[in-house]
Amino acid sequence: MKCRINNKLGTILIDSDVIAKYAGSVAIECFGIVGMAAVNMKDGLVKLLLRDNLSHGINVTVNDNKLTLDFHVIMVYGVSICAVSDNLISNVKYKVEQFTGVDVEKINIFVEGVRVID
């Protein structure tokens with residue numbers, strides 16, 4: 001899926017993988033986020049993704065040139081899920097809109113697990 005931006009000089013196409021990688025890099029900078037998660041649908045196992053595979057934990061949907069982002073995350077044990085989610089939503093929304101020039105309509109967060117960090 002690609003996001004299309006038309007201007008007087010031509011058309012800009014942004015691949016959804018580019019948006020997912022950028023959103024993932026913004027997300028892991030947020031306090032309380034350990035990383036992105038990959039869920040194996042067959043057996044229900046959750047795997048923490050490495051920095052190289054951040055886009056696998058994020059689904060990007062483009063509808064009428066508006067973005068919907070689904071994050072599958074692993075959070076730090078003991079933090080407020082609500083506070084971390086609010087911070088994640090506001091940071092990602094602002095930075096992705098600035099990066100792409102496209103409105104973020106919705107951000108869904110799926111907390112797939114928690115981890116104790118020393």
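In these legends a residue is called buried when its relative accessible area is under 20%, and the model shown is a predicted one.

**View 1. The pairing of β5 with β6.** These two strands, β5 and β6, run antiparallel to each other and are joined over six bridges, and among the paired residues Ile-58 has Phe-71 of β6 as its bridge partner. The hairpin that β5 and β6 form has two residues between the strands, and Asp-64, which lies in the turn, has a positive phi of about 55 degrees.

**View 2. The largest nonpolar core.** This core has 26 residues, and those with the most contacts inside it are Ile-19, Ile-33, Met-36, Leu-67, Leu-69, Phe-71 and Val-92. Two or more residues are given to the core by each of the helices α1 (16–27) and α2 (81–100) and the strands β3 (33–39), β5 (58–63), β6 (66–76) and β7 (103–115).

**View 3. The surroundings of Ile-19.** Leaving aside residues up to four places away in sequence, Ile-19 touches Cys-3, Ile-14, Val-60, Leu-67, Leu-69, Val-96 and Thr-100.

**View 4. Ser-85 in helix α2.** With a relative accessible area of 12%, Ser-85 is buried, and, not counting residues up to four places away in sequence, Ser-85 touches Met-75 and Ile-109.

Note on methods. Residues numbered from 1 in each chain as written. Predicted model: local features only at pLDDT ≥ 70, side-chain atom pairs only at ≥ 80, totals over all residues. Heavy atoms only, no water. Core = buried A, V, L, I, M, F, W, Y, C linked by side-chain atoms within 4.5 Å. Buried < 20%, exposed > 50% of the residue type's maximum accessible area, 1.4 Å probe, protein only. Helix = DSSP H or I, 4+ residues; strand = E, 2+ residues; numbered from the N terminus. Contact = heavy atoms within 4.5 Å. Pairing = 2+ DSSP bridges.
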